[in-house]
Amino acid sequence: MKKILSVSILLFSISHANLFTVTDRSGKVVEAKMLKHRENDCLNQKETEYSLQAIYDELHREENLARRAEAARARAKRIAREMVAAKKAGKAYHMSAADRQKLLEDAKYFKGGKYVWGGTSPKGFDCSGYVQYLYRKHHVNLPRTAWAQSKKGEPVDMAHLQKGDLLFFLTDKKRGIPVTHVGIYLGNGKFIHAASRKKGIIISPIDHGYYAQKFVSARRVVNPHG
């Protein structure tokens, strides 16, 4: 007859070790072994460090979604142009197998004929709502408006921008406030933001073009050094 064994783990604080034992039904110890404790980088990590990395990971996902959505929109526009050109030339338009496959993959980026960023994110984001939503997911509470957000954290010079810094712009002087738009810096001269209801969440350059001309200030709301 096979012996039925039970396993028990007894925890001791002797030299940071754990005692692992195997006993039979009567409680007799069949085998015992001391397990040495090892450091775990994840368990020893500071919450502030984890939160920052979590924000970086979130921004990376958002950037990928925005780029996929941008490609989807560009592809749809190209196909529409090709269809119009074919019709004008009196020819039938035949979509390639590759384009058909891509359009199926792109379907999640569109809904009801209107462009919807990501296809899985909350609808109706404005710029500050988008920033607030992303940071709130990682326990960083920010005010609701871009103007109020621009008063939080520490000021950052353009030459020392880091991923996750908030960028503020004056895009509508008629509103009579110093800041009317906000985005999140991604690095390499790019930032992600809810540009408009028509454009959705996009990635734009900060070192040239429209937003470079409208730039007001940058703030750091999360300390990268904990």
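The legends below describe close-up views of a predicted model.

Residues are numbered from 1 along each chain as its sequence is written. In this predicted model, local features need pLDDT of at least 70, side-chain atom pairs count only at pLDDT 80 or more, and totals for chains, interfaces and linings use all residues, while side-chain values use heavy atoms, with hydrogens and water left out.

**View 1. An open sheet of six strands has the order β6-β11-β7-β8-β9-β10, with antiparallel pairing.** β6 (154–155) and β10 stand at the edges with a single partner strand each, so one side of each has no neighbour in the sheet. Strands are DSSP runs (E, at least two residues) and helices are DSSP runs (H or I, at least four residues), numbered from the N terminus; two strands pair if DSSP finds at least two bridges between them. Four bridges connect β7 (residues 166–169) with β11 (residues 215–220), and F169 has F215 as its bridge partner in β11.

**View 2. Two hairpins involve strand β9: one with β8 and one with β10.** Three bridges join the antiparallel strands β8 (residues 181–187) and β9 (residues 190–196). G187 is the bridge partner of K190 in β9. Two residues lie between these strands, and N188 in the turn has a positive phi of about 55°. Strand β10 (residues 200–205) pairs with β9 over six bridges, again in the antiparallel sense. Here S196 stands opposite G200, and three residues lie between the two strands.

**View 3. Helix α4 (residues 127–136) is largely enclosed by the rest of the structure, because eight of its ten residues are buried.** Buried means under 20% relative accessible area, exposed over 50%, and partly exposed in between (1.4 Å probe, protein chains only). The buried residues of α4 are C127, S128, G129, Y130, V131, Q132, L134 and Y135.

View 4. A salt bridge is a side-chain nitrogen of Lys or Arg within 4 Å of a carboxyl oxygen of Asp or Glu. R67 is partly exposed at 38% relative accessible area, whereas E63 is buried at 17%.

**View 5. A salt bridge joins the side chains of D126 and R144 (3.1 Å, N to O).** D126 lies in the loop between β5 (114–115) and α4, and R144 in the loop between α4 and α5 (146–149), so the pair ties together parts 18 residues apart in sequence.
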